[in-house]
Amino acid sequence: MTKKSRTRNSPKWGDATKLVRGGLDRTPYGETAEALYLNSGFVYDAPETAENRFANKDDGYVYGRYGNPTVTMFEERLALLDGAEACYGVASGMAAVWGALACQLKAGDHIVSSRALFGSCYQIITAILPRFGITHTLVDGGDLKAWAAAITPQTKVVFLETPSNPTLEIIDIAAVGEIAKRAGCCFVVDNIFATPILQKPLTMGADVIVYSGTKHMDGQGRVLGGAIVSTKQFKDELLKPFLRHTGPSLSPFNAWVLLKGMETLKLRVEAQSEAAFAIAETLAATRGVKRVIYPHLPSHKQYDLAKRQMSKGGTMVTFELEGGKAQAFDLLRQLRLVDISNNLGDAKSLMTHPASTTHRNIGEEARQMMGITEGMVRLSVGLEDVKDILDDIRQAIAS
Ligand SMILES: *Cc1c(COP(=O)(O)O)cnc(C)c1O
(Lines give C-alpha, C1' and ligand atoms only; values in the text may rest on other atoms or scores of the structure.)
Protein backbone atom coordinates (compact mmCIF):
# COMPACT_ATOMS: atom_id res chain seq x y z
CA MET A 1 0.00 0.00 0.00
CA THR A 2 1.49 3.34 -0.99
CA LYS A 3 1.62 5.88 1.78
CA LYS A 4 0.74 8.52 -0.84
CA SER A 5 -2.84 7.32 -0.73
CA ARG A 6 -3.17 8.27 2.94
CA THR A 7 -4.84 11.51 4.00
CA ARG A 8 -2.42 13.27 6.29
CA ASN A 9 -4.16 13.56 9.66
CA SER A 10 -4.05 17.03 11.15
CA PRO A 11 -4.52 17.58 14.88
CA LYS A 12 -5.61 21.11 13.94
CA TRP A 13 -8.77 19.87 12.23
CA GLY A 14 -12.07 20.42 13.98
CA ASP A 15 -13.99 17.40 15.27
CA ALA A 16 -16.28 17.19 12.23
CA THR A 17 -13.31 16.98 9.85
CA LYS A 18 -11.51 14.45 12.06
CA LEU A 19 -14.63 12.27 12.07
CA VAL A 20 -14.91 12.22 8.28
CA ARG A 21 -11.23 12.21 7.27
CA GLY A 22 -9.23 10.91 10.23
CA GLY A 23 -7.21 7.76 9.60
CA LEU A 24 -8.39 7.42 5.98
CA ASP A 25 -5.91 5.17 4.16
CA ARG A 26 -6.89 4.65 0.51
CA THR A 27 -5.74 1.78 -1.68
CA PRO A 28 -4.25 2.54 -5.12
CA TYR A 29 -7.80 2.17 -6.48
CA GLY A 30 -8.71 5.52 -4.94
CA GLU A 31 -12.02 4.43 -3.43
CA THR A 32 -14.03 7.24 -1.81
CA ALA A 33 -15.14 5.33 1.29
CA GLU A 34 -12.85 3.48 3.67
CA ALA A 35 -11.91 0.06 2.30
CA LEU A 36 -13.14 -3.02 4.16
CA TYR A 37 -10.36 -5.59 4.48
CA LEU A 38 -12.32 -8.70 5.33
CA ASN A 39 -9.39 -11.05 5.82
CA SER A 40 -8.00 -12.92 8.80
CA GLY A 41 -4.42 -13.58 7.63
CA PHE A 42 -1.67 -11.90 5.62
CA VAL A 43 0.93 -13.27 3.19
CA TYR A 44 4.58 -12.32 2.74
CA ASP A 45 6.71 -11.95 -0.38
CA ALA A 46 9.64 -13.78 1.27
CA PRO A 47 10.46 -15.64 4.49
CA GLU A 48 12.69 -12.74 5.54
CA THR A 49 9.70 -10.38 5.41
CA ALA A 50 7.77 -12.68 7.72
CA GLU A 51 10.77 -12.95 10.02
CA ASN A 52 11.15 -9.15 10.18
CA ARG A 53 7.48 -8.65 10.93
CA PHE A 54 7.55 -11.13 13.79
CA ALA A 55 10.69 -9.44 15.09
CA ASN A 56 8.86 -6.08 15.02
CA LYS A 57 11.43 -4.69 12.58
CA ASP A 58 8.71 -3.95 10.05
CA ASP A 59 5.28 -2.68 11.09
CA GLY A 60 3.27 -4.57 8.46
CA TYR A 61 0.35 -6.79 9.40
CA VAL A 62 0.81 -10.41 10.49
CA TYR A 63 -2.53 -11.78 11.62
CA GLY A 64 -6.09 -10.57 12.14
CA ARG A 65 -5.92 -10.98 15.90
CA TYR A 66 -2.97 -8.54 15.92
CA GLY A 67 -4.33 -5.94 13.54
CA ASN A 68 -6.14 -5.15 10.30
CA PRO A 69 -6.01 -2.09 8.01
CA THR A 70 -9.72 -1.25 8.46
CA VAL A 71 -9.36 -1.55 12.24
CA THR A 72 -6.29 0.71 12.04
CA MET A 73 -8.31 3.40 10.26
CA PHE A 74 -10.90 3.25 13.05
CA GLU A 75 -8.19 3.45 15.74
CA GLU A 76 -6.47 6.41 14.09
CA ARG A 77 -9.74 8.29 13.64
CA LEU A 78 -10.68 7.92 17.31
CA ALA A 79 -7.16 8.74 18.58
CA LEU A 80 -7.18 11.90 16.48
CA LEU A 81 -10.60 12.89 17.81
CA ASP A 82 -9.52 12.50 21.44
CA GLY A 83 -6.13 14.15 20.88
CA ALA A 84 -4.40 10.89 21.86
CA GLU A 85 -1.21 9.23 20.70
CA ALA A 86 -2.81 5.82 20.34
CA CYS A 87 -6.00 3.80 20.29
CA TYR A 88 -6.69 0.04 20.37
CA GLY A 89 -9.93 -1.22 18.80
CA VAL A 90 -11.57 -4.16 20.58
CA ALA A 91 -14.68 -6.32 20.27
CA SER A 92 -17.00 -4.45 22.66
CA GLY A 93 -17.11 -1.77 25.32
CA MET A 94 -16.68 -4.40 28.01
CA ALA A 95 -13.61 -5.80 26.23
CA ALA A 96 -12.26 -2.24 26.42
CA VAL A 97 -12.98 -1.89 30.15
CA TRP A 98 -11.59 -5.34 30.92
CA GLY A 99 -8.52 -4.84 28.70
CA ALA A 100 -7.68 -1.41 30.13
CA LEU A 101 -7.80 -2.80 33.68
CA ALA A 102 -6.52 -6.36 33.32
CA CYS A 103 -3.54 -5.38 31.15
CA GLN A 104 -1.98 -3.53 34.08
CA LEU A 105 -3.31 -5.08 37.32
CA LYS A 106 -1.84 -8.02 39.21
CA ALA A 107 -2.56 -9.84 42.47
CA GLY A 108 -2.12 -7.52 45.44
CA ASP A 109 -3.09 -4.37 43.53
CA HIS A 110 -6.01 -2.17 44.50
CA ILE A 111 -8.46 -0.16 42.41
CA VAL A 112 -10.52 2.85 43.47
CA SER A 113 -13.71 3.39 41.52
CA SER A 114 -16.84 5.49 41.57
CA ARG A 115 -19.73 3.40 42.90
CA ALA A 116 -22.25 4.55 40.27
CA LEU A 117 -21.25 2.19 37.47
CA PHE A 118 -22.59 0.39 34.43
CA GLY A 119 -23.69 -3.08 35.62
CA SER A 120 -20.92 -5.05 33.87
CA CYS A 121 -18.20 -2.62 35.01
CA TYR A 122 -19.47 -3.16 38.54
CA GLN A 123 -19.22 -6.93 38.05
CA ILE A 124 -15.62 -6.70 36.77
CA ILE A 125 -14.49 -4.59 39.72
CA THR A 126 -16.45 -6.27 42.50
CA ALA A 127 -16.71 -9.90 41.37
CA ILE A 128 -14.14 -10.79 38.67
CA LEU A 129 -10.99 -8.88 39.62
CA PRO A 130 -11.21 -10.05 43.26
CA ARG A 131 -10.84 -13.66 42.01
CA PHE A 132 -7.36 -12.65 40.84
CA GLY A 133 -6.46 -11.03 44.18
CA ILE A 134 -7.20 -7.45 43.10
CA THR A 135 -9.08 -5.49 45.75
CA HIS A 136 -11.22 -2.39 45.38
CA THR A 137 -12.82 0.53 47.17
CA LEU A 138 -15.98 2.11 45.78
CA VAL A 139 -16.54 5.77 46.54
CA ASP A 140 -19.27 8.36 46.12
CA GLY A 141 -17.94 10.00 42.95
CA GLY A 142 -18.90 13.50 44.03
CA ASP A 143 -16.98 13.29 47.31
CA LEU A 144 -13.40 14.34 46.48
CA LYS A 145 -12.22 13.67 50.04
CA ALA A 146 -13.45 10.09 49.71
CA TRP A 147 -11.41 9.59 46.52
CA ALA A 148 -8.25 10.81 48.23
CA ALA A 149 -8.95 8.78 51.38
CA ALA A 150 -9.55 5.55 49.43
CA ILE A 151 -6.11 5.53 47.84
CA THR A 152 -3.60 3.16 49.47
CA PRO A 153 0.02 2.37 48.57
CA GLN A 154 -1.36 -0.62 46.64
CA THR A 155 -3.71 1.49 44.48
CA LYS A 156 -2.73 1.18 40.87
CA VAL A 157 -5.84 2.34 39.03
CA VAL A 158 -8.50 5.01 39.55
CA PHE A 159 -11.64 4.38 37.50
CA LEU A 160 -14.82 6.33 36.90
CA GLU A 161 -17.71 6.82 34.54
CA THR A 162 -19.33 10.23 34.03
CA PRO A 163 -22.19 10.80 33.43
CA SER A 164 -22.98 7.54 35.16
CA ASN A 165 -25.50 4.97 34.00
CA PRO A 166 -28.41 5.36 34.75
CA THR A 167 -28.42 8.09 37.42
CA LEU A 168 -26.41 10.58 35.30
CA GLU A 169 -24.16 11.53 38.19
CA ILE A 170 -21.37 13.88 37.14
CA ILE A 171 -17.87 13.47 38.52
CA ASP A 172 -15.19 16.16 38.36
CA ILE A 173 -12.69 14.50 36.01
CA ALA A 174 -9.96 17.12 36.51
CA ALA A 175 -10.19 16.98 40.32
CA VAL A 176 -10.10 13.17 40.49
CA GLY A 177 -7.30 13.26 37.89
CA GLU A 178 -5.24 15.45 40.22
CA ILE A 179 -5.71 12.96 43.07
CA ALA A 180 -4.79 10.02 40.83
CA LYS A 181 -1.73 11.81 39.49
CA ARG A 182 -0.47 12.75 42.95
CA ALA A 183 -0.74 9.09 43.96
CA GLY A 184 0.97 7.88 40.78
CA CYS A 185 -2.11 5.89 39.68
CA CYS A 186 -3.35 5.23 36.17
CA PHE A 187 -6.58 7.21 35.71
CA VAL A 188 -9.10 5.41 33.48
CA VAL A 189 -12.30 7.18 32.36
CA ASP A 190 -15.32 5.45 30.82
CA ASN A 191 -16.46 8.18 28.39
CA ILE A 192 -19.25 6.18 26.80
CA PHE A 193 -22.21 8.34 27.85
CA ALA A 194 -20.64 11.69 26.96
CA THR A 195 -18.76 10.59 23.82
CA PRO A 196 -15.67 12.51 22.64
CA ILE A 197 -18.04 15.08 21.14
CA LEU A 198 -19.25 16.41 24.51
CA GLN A 199 -16.24 15.74 26.71
CA LYS A 200 -12.51 15.12 26.13
CA PRO A 201 -11.11 13.43 29.27
CA LEU A 202 -7.46 13.49 28.14
CA THR A 203 -7.54 17.29 28.37
CA MET A 204 -8.74 16.91 31.99
CA GLY A 205 -6.05 14.56 33.23
CA ALA A 206 -7.24 11.10 32.19
CA ASP A 207 -4.51 8.64 31.19
CA VAL A 208 -6.77 6.14 29.45
CA ILE A 209 -10.30 6.39 27.99
CA VAL A 210 -12.57 3.43 27.32
CA TYR A 211 -15.39 3.41 24.77
CA SER A 212 -18.20 1.23 23.60
CA GLY A 213 -18.44 1.69 19.83
CA THR A 214 -21.78 -0.10 20.11
CA LYS A 215 -23.42 2.99 21.55
CA HIS A 216 -23.16 6.40 19.85
CA MET A 217 -20.30 5.59 17.45
CA ASP A 218 -22.35 3.07 15.53
CA GLY A 219 -25.49 4.71 16.86
CA GLN A 220 -27.70 2.81 14.46
CA GLY A 221 -28.10 -0.49 16.25
CA ARG A 222 -25.89 -2.66 14.03
CA VAL A 223 -22.60 -3.79 15.57
CA LEU A 224 -20.68 -4.28 18.79
CA GLY A 225 -17.31 -2.64 19.19
CA GLY A 226 -15.06 -0.90 21.65
CA ALA A 227 -11.83 1.03 21.99
CA ILE A 228 -9.11 1.98 24.45
CA VAL A 229 -7.51 5.39 23.96
CA SER A 230 -4.10 5.93 25.56
CA THR A 231 -0.48 6.95 25.13
CA LYS A 232 1.67 5.05 22.65
CA GLN A 233 3.67 3.65 25.57
CA PHE A 234 0.57 2.28 27.32
CA LYS A 235 -0.56 0.67 24.07
CA ASP A 236 2.82 -0.84 23.19
CA GLU A 237 3.90 -1.99 26.64
CA LEU A 238 0.62 -2.98 28.30
CA LEU A 239 -2.27 -3.31 25.86
CA LYS A 240 -0.57 -5.08 22.97
CA PRO A 241 0.93 -7.95 24.98
CA PHE A 242 -2.36 -8.48 26.83
CA LEU A 243 -4.89 -8.10 24.01
CA ARG A 244 -2.95 -9.92 21.28
CA HIS A 245 -2.75 -13.05 23.37
CA THR A 246 -6.21 -12.94 24.92
CA GLY A 247 -8.00 -12.21 21.63
CA PRO A 248 -10.90 -9.70 22.03
CA SER A 249 -10.22 -8.42 18.49
CA LEU A 250 -12.48 -5.96 16.74
CA SER A 251 -13.93 -7.48 13.58
CA PRO A 252 -12.87 -5.54 10.45
CA PHE A 253 -16.51 -5.45 9.36
CA ASN A 254 -17.56 -3.90 12.66
CA ALA A 255 -14.67 -1.42 12.46
CA TRP A 256 -15.89 -0.43 9.01
CA VAL A 257 -19.44 0.13 10.28
CA LEU A 258 -18.02 2.20 13.16
CA LEU A 259 -15.96 4.29 10.72
CA LYS A 260 -19.10 5.08 8.75
CA GLY A 261 -21.00 5.79 11.97
CA MET A 262 -18.31 8.20 13.11
CA GLU A 263 -18.82 10.34 10.03
CA THR A 264 -22.15 11.46 11.46
CA LEU A 265 -21.28 11.16 15.18
CA LYS A 266 -21.08 14.89 15.88
CA LEU A 267 -24.30 15.66 14.02
CA ARG A 268 -26.17 12.88 15.79
CA VAL A 269 -24.85 13.45 19.31
CA GLU A 270 -25.50 17.19 19.12
CA ALA A 271 -29.00 16.77 17.72
CA GLN A 272 -29.86 14.01 20.21
CA SER A 273 -28.48 16.09 23.10
CA GLU A 274 -30.51 19.13 22.10
CA ALA A 275 -33.62 16.97 21.87
CA ALA A 276 -32.82 15.35 25.24
CA PHE A 277 -32.57 18.77 26.89
CA ALA A 278 -35.95 19.84 25.48
CA ILE A 279 -37.53 16.54 26.57
CA ALA A 280 -36.04 16.80 30.07
CA GLU A 281 -37.41 20.33 30.48
CA THR A 282 -40.89 19.27 29.39
CA LEU A 283 -40.94 16.11 31.53
CA ALA A 284 -39.90 18.13 34.58
CA ALA A 285 -43.17 20.02 34.22
CA THR A 286 -45.29 16.94 33.47
CA ARG A 287 -47.78 15.58 36.03
CA GLY A 288 -46.95 12.13 37.34
CA VAL A 289 -43.20 12.67 36.92
CA LYS A 290 -41.59 12.87 40.34
CA ARG A 291 -38.07 13.82 39.31
CA VAL A 292 -36.07 14.33 36.12
CA ILE A 293 -32.31 13.86 36.06
CA TYR A 294 -30.51 15.64 33.24
CA PRO A 295 -27.00 17.12 33.59
CA HIS A 296 -27.79 20.48 31.97
CA LEU A 297 -31.06 21.08 33.86
CA PRO A 298 -30.49 23.60 36.69
CA SER A 299 -32.14 21.11 39.08
CA HIS A 300 -29.27 18.63 38.59
CA LYS A 301 -27.19 18.41 41.75
CA GLN A 302 -23.90 18.95 39.87
CA TYR A 303 -25.31 21.44 37.36
CA ASP A 304 -22.35 23.87 37.49
CA LEU A 305 -19.84 21.06 37.06
CA ALA A 306 -21.88 19.53 34.23
CA LYS A 307 -21.98 22.88 32.42
CA ARG A 308 -18.23 23.27 32.82
CA GLN A 309 -17.27 19.73 31.91
CA MET A 310 -19.68 18.85 29.10
CA SER A 311 -20.43 21.00 26.04
CA LYS A 312 -24.00 19.64 26.01
CA GLY A 313 -25.99 17.63 28.55
CA GLY A 314 -25.88 14.33 26.67
CA THR A 315 -28.39 12.10 24.93
CA MET A 316 -29.81 10.40 28.02
CA VAL A 317 -32.66 11.46 30.31
CA THR A 318 -33.51 9.57 33.48
CA PHE A 319 -36.76 10.16 35.30
CA GLU A 320 -38.71 8.79 38.19
CA LEU A 321 -42.43 8.14 38.31
CA GLU A 322 -44.52 8.61 41.41
CA GLY A 323 -46.02 5.13 41.26
CA GLY A 324 -42.87 2.98 41.50
CA LYS A 325 -42.25 -0.16 39.42
CA ALA A 326 -45.92 -0.75 38.55
CA GLN A 327 -46.22 2.69 37.01
CA ALA A 328 -42.85 2.42 35.28
CA PHE A 329 -43.98 -0.86 33.69
CA ASP A 330 -47.35 0.69 32.74
CA LEU A 331 -45.51 3.52 31.02
CA LEU A 332 -43.26 1.11 29.10
CA ARG A 333 -46.29 -0.98 28.05
CA GLN A 334 -48.12 2.08 26.73
CA LEU A 335 -45.28 3.34 24.53
CA ARG A 336 -46.15 3.30 20.83
CA LEU A 337 -43.11 4.98 19.27
CA VAL A 338 -40.26 4.71 21.76
CA ASP A 339 -39.01 1.12 22.02
CA ILE A 340 -38.32 -0.84 25.19
CA SER A 341 -34.59 -1.55 24.97
CA ASN A 342 -31.54 -1.46 27.19
CA ASN A 343 -29.33 -0.26 24.32
CA LEU A 344 -28.50 3.44 24.10
CA GLY A 345 -27.07 6.15 21.88
CA ASP A 346 -29.21 4.89 19.01
CA ALA A 347 -31.03 6.81 16.26
CA LYS A 348 -34.21 5.21 17.66
CA SER A 349 -35.43 6.44 21.04
CA LEU A 350 -35.19 3.63 23.57
CA MET A 351 -36.41 3.28 27.13
CA THR A 352 -35.51 0.86 29.88
CA HIS A 353 -36.32 0.15 33.52
CA PRO A 354 -32.76 -0.15 34.96
CA ALA A 355 -33.74 -1.85 38.26
CA SER A 356 -35.16 -4.91 36.43
CA THR A 357 -32.72 -4.98 33.47
CA THR A 358 -29.25 -3.38 33.23
CA HIS A 359 -28.85 -3.11 36.99
CA ARG A 360 -30.79 -6.23 37.99
CA ASN A 361 -27.78 -8.47 38.70
CA ILE A 362 -26.02 -6.09 41.06
CA GLY A 363 -28.73 -6.63 43.69
CA GLU A 364 -31.00 -4.41 45.79
CA GLU A 365 -28.29 -3.15 48.14
CA ALA A 366 -26.01 -1.94 45.34
CA ARG A 367 -28.99 -0.38 43.57
CA GLN A 368 -29.84 1.60 46.70
CA MET A 369 -26.22 2.71 47.01
CA MET A 370 -26.30 3.95 43.40
CA GLY A 371 -29.68 5.65 43.87
CA ILE A 372 -31.50 3.44 41.38
CA THR A 373 -35.15 3.28 42.39
CA GLU A 374 -38.03 1.05 41.27
CA GLY A 375 -39.88 3.99 39.69
CA MET A 376 -36.89 5.04 37.59
CA VAL A 377 -36.77 4.78 33.80
CA ARG A 378 -33.93 5.73 31.49
CA LEU A 379 -34.59 7.27 28.09
CA SER A 380 -32.02 7.28 25.30
CA VAL A 381 -33.16 10.06 23.01
CA GLY A 382 -32.99 9.25 19.31
CA LEU A 383 -33.27 11.24 16.10
CA GLU A 384 -37.06 11.29 15.72
CA ASP A 385 -38.90 14.62 15.92
CA VAL A 386 -38.86 15.86 19.51
CA LYS A 387 -42.60 16.43 19.39
CA ASP A 388 -43.30 12.82 18.46
CA ILE A 389 -41.07 11.45 21.25
CA LEU A 390 -42.70 13.75 23.80
CA ASP A 391 -46.23 13.04 22.58
CA ASP A 392 -45.55 9.33 22.97
CA ILE A 393 -44.12 9.60 26.48
CA ARG A 394 -46.84 11.97 27.66
CA GLN A 395 -49.67 9.79 26.34
CA ALA A 396 -48.04 6.79 28.01
CA ILE A 397 -47.78 8.62 31.35
CA ALA A 398 -51.36 9.89 31.08
CA SER A 399 -52.80 6.45 30.38
C1 LIG B 1 -22.70 -0.11 27.19
C2 LIG B 1 -21.71 0.34 28.16
C3 LIG B 1 -20.54 -0.41 28.37
C4 LIG B 1 -20.27 -1.68 27.61
O5 LIG B 1 -20.25 -1.58 26.22
P6 LIG B 1 -20.59 -2.86 25.28
O7 LIG B 1 -20.22 -2.39 23.90
O8 LIG B 1 -22.03 -3.15 25.46
O9 LIG B 1 -19.74 -3.97 25.75
C10 LIG B 1 -19.65 0.05 29.32
N11 LIG B 1 -19.86 1.17 30.03
C12 LIG B 1 -20.98 1.92 29.85
C13 LIG B 1 -21.16 3.16 30.64
C14 LIG B 1 -21.95 1.53 28.91
O15 LIG B 1 -23.04 2.25 28.74
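The model is predicted, so to speak of local features takes pLDDT of at least 70, side-chain atom pairs count only at pLDDT 80 or more, and totals for chains, interfaces and linings use all residues. Numbering starts from 1 along each chain as its sequence is written, and side-chain values use heavy atoms, with hydrogens and water left out. Helices (H or I, at least four residues) and strands (E, at least two) are DSSP runs, numbered from the N terminus.

**Pockets**

- A pocket here is an open set of points on a 1 Å grid over the protein atoms alone, with protein on both sides within 12 Å along at least five of seven lines; lining residues have an atom within 4 Å of a point.
- Grid points are joined across faces, edges and corners, and a volume is the space filled by probe spheres set on the points.
- The largest pocket comes out at about 1500 Å³.
- It is lined by 48 residues, and Asp59, Gly60, Tyr61, Thr72 and Lys240 are the closest to its centre.
- Elements giving two or more residues to the lining of the largest pocket are α2, α3, β1 (86–90) and α10 (232–246), with the largest share, seven residues, coming from α3.
- By class, that lining of the largest pocket has 22 nonpolar, ten polar and 16 charged residues. Ala, Val, Leu, Ile, Met, Phe, Trp, Tyr, Cys and Pro count as nonpolar, Asp, Glu, Lys and Arg as charged, and the others, Gly among them, as polar.
- The second largest pocket holds about 270 Å³ of space. Of its 17 lining residues, Thr167, Arg291, Ile293, His300 and Lys301 are the closest to the centre.
- β8 (289–293) and α15 each supply at least two residues of the lining of the second largest pocket, and β8 gives the most, with three residues.
- The lining of the second largest pocket splits into eight nonpolar, five polar and four charged residues.

- α8, β6 (208–212) and α9 (213–218) each give two or more residues to the lining of the second largest cavity, and α9 has the largest share, with three residues.
- Asn191 has a relative accessible area of 0% and is buried. Buried means under 20% relative accessible area, exposed over 50%, and partly exposed in between (1.4 Å probe, protein chains only).
- Beyond its neighbours within four places in sequence, Asn191 is in contact (heavy atoms within 4.5 Å) with Thr162, Pro196, Gln199, Pro201, Ile209, Val210 and Tyr211.

**Aromatic pairs**

- Rings of Phe, Tyr and Trp (its six-membered ring) pair if their centres lie within 6.5 Å; planes under 30 degrees apart count as stacked, over 60 as edge-to-face and the rest as tilted.
- The whole structure has four aromatic pairs.
- Phe42 and Tyr61 are stacked, because their ring centres are 5.3 Å apart and their planes are at 20 degrees.
- Phe42 sits in the loop between α1 (15–21) and α2 (47–54), and Tyr61 in the loop between α2 and α3 (69–82), so the pair links distant parts of the chain, 19 residues apart.
- Tyr61 is partly exposed, at 25% relative accessibility.
- Trp98 and Phe132 make a tilted pair, 6.4 Å centre to centre with 50 degrees between the planes.
- Trp98 is in helix α4 (residues 93–102) and Phe132 in the loop between α5 and β3 (135–139), 34 residues apart.
- Both are partly exposed: Trp98 has a relative accessible area of 28%, and Phe132 has 46%.

**Helix α15**

- In α15 (residues 363–370), Ala366, Arg367 and Met370 are buried.
- Seen down the axis of α15, these buried residues fall within an arc of 105 degrees, so they line one face of the helix. The arc is that of the directions from the helix axis to the C-beta atoms.
- They pack against α5 (119–128), while Glu365 and Gln368 on the other side of α15 are exposed.
- Gly371 follows α15, with a positive phi near 80 degrees.

**His110**

- His110 lies in strand β2 (residues 110–114) and is buried at 6% relative accessibility.
- Leaving aside neighbours within four places in sequence, the contacts of His110 include Thr135, His136, Thr137 and Ala150.

Notes. On a 1 Å grid over the protein atoms alone, a cavity is a set of points where a 1.4 Å probe fits but cannot get out, and a pocket is an open set with protein on both sides within 12 Å along at least five of seven lines; lining residues have an atom within 4 Å of a point.
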